[in-house]
Amino acid sequence: MSDAPRILVAEDEAIIRLDLVETLREEGYDVIAEAARGDDALRLIDELRPDIAILDVRMPGLDGIEVAREVVANRFAAVLILTAFGQRELVERAAEAGAMAYLVKPWQRNDLVPAIEMAIARHRETLALAEENESLSDQLEVRKLVDRAKGKLMDEHAMSENDAFRFVQTGAMGSRRSMREVAEAVLAGELVPES
């Protein structure tokens, strides 16, 4: 089952948990861990990094929504809330915590599988967007550093903007350092043009 999504199931009622785990395995999923308490589930999710955590809401230790909040904030796994409680307030709390799907017991196999697949897909999209956002933030930060270094070169060494940029660029290529590193060196006064 190398390509099968890895699942953690957290449900405090043993009979329901066993039935759910059996169903998931029959559907080809890899159930890597089970927990009856929310705090145990959170620890296992942190350690094992499943693709998805299926969480009941009301569990001892921590409730499923608190576990979901931690899991989503740390980008550990997708979260599906599977509970007997369908009150709008709980659904809203689960959504605010970042749960990707919410199913009310008694669940049906033909509802469970699509909910799992959607939650995993949404989690992967979220991770990709977060990675892209971090990359863009890094690029923006480098650009700002380079602009500040150019400004310093222009002010202190009477360079044109093009010459200042070229100085940073050739400094990076010639020393096998990044533009960020060269701009930081210019700003720190460690790298100056020859007079």
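**View 1. H123 sits in helix α5 (residues 109-157).** Helices here are DSSP runs of H or I with at least four residues, strands are runs of E with at least two, and both are numbered from the N terminus. The model is predicted: local features need pLDDT of at least 70, side-chain atom pairs count only at pLDDT 80 or more, and totals for chains, interfaces and linings use all residues. Residues are numbered from 1 along each chain as its sequence is written, and side-chain values use heavy atoms, with hydrogens and water left out. H123 counts as buried because its relative accessibility is 10%. Buried means under 20% relative accessible area, exposed over 50%, and partly exposed in between (1.4 Å probe, protein chains only). Leaving aside residues up to four places away in sequence, H123 touches D51, R75, F76, A77, A78 and M100. A contact means heavy atoms within 4.5 Å.

**View 2. Helix α5 spans 71 Å from its first C-alpha to its last.** The helix has 49 residues, and its reach is close to the 72 Å expected at 1.5 Å a residue. The expected span is 1.5 Å times one less than the number of residues. Buried residues of α5 include L112, A115, I116, A119, I120 and H123. Further along, A130, L145, V146, A149, K150 and L153 are also among its buried residues. An α-helix has 3.6 residues a turn, so residues three or four places apart point the same way. After α5 comes A158, with a positive phi near 50°.

**View 3. Five strands form an open sheet in the order β2-β1-β3-β4-β5, with parallel pairing.** Two strands pair if DSSP finds at least two bridges between them. β2 and β5 (101-104) are the edge strands, and each pairs on one side only. Neighbouring strands are turned by 20° against each other on average, direction ignored. Four bridges join the parallel strands β4 and β5. T83 stands opposite V104 in β5. Helix α2 packs on the sheet and touches β1, β2 and β3. The direction of α2 makes about 145° with that of β2. Axes are lines fitted to C-alpha atoms, for helices over the stretch in contact, and angles run from 0 to 180 degrees between N-to-C directions.

**View 4. Strand β3 (residues 52-55) points I52 and I54 one way, A53 and L55 the other.** All four are buried. Strand β1 (residues 6-10) pairs with β3 in the parallel sense over four bridges. A10 stands opposite L55. β3 also pairs in the parallel sense with strand β4 (residues 78-83), again over four bridges. There, A78 is the bridge partner of I52. From β3 the chain crosses through helix α3 (residues 64-73) to β4, a right-handed β-α-β crossover. Right-handed means that, with the strands pointing away from the viewer, the path from the first strand over the helix to the second runs clockwise.

**View 5. The largest nonpolar core holds 25 residues.** Such a core is a set of buried Ala, Val, Leu, Ile, Met, Phe, Trp, Tyr and Cys residues joined through side-chain atoms within 4.5 Å. L8, A10, I45, L55, V71, V79 and I81 touch the most other members. β1, β2 (30-35), α2 (38-48), β3, α3, β4 and α4 (88-97) each give two or more residues. Apart from this core lies another, of 21 residues, among them I7, L24, A78 and L80.
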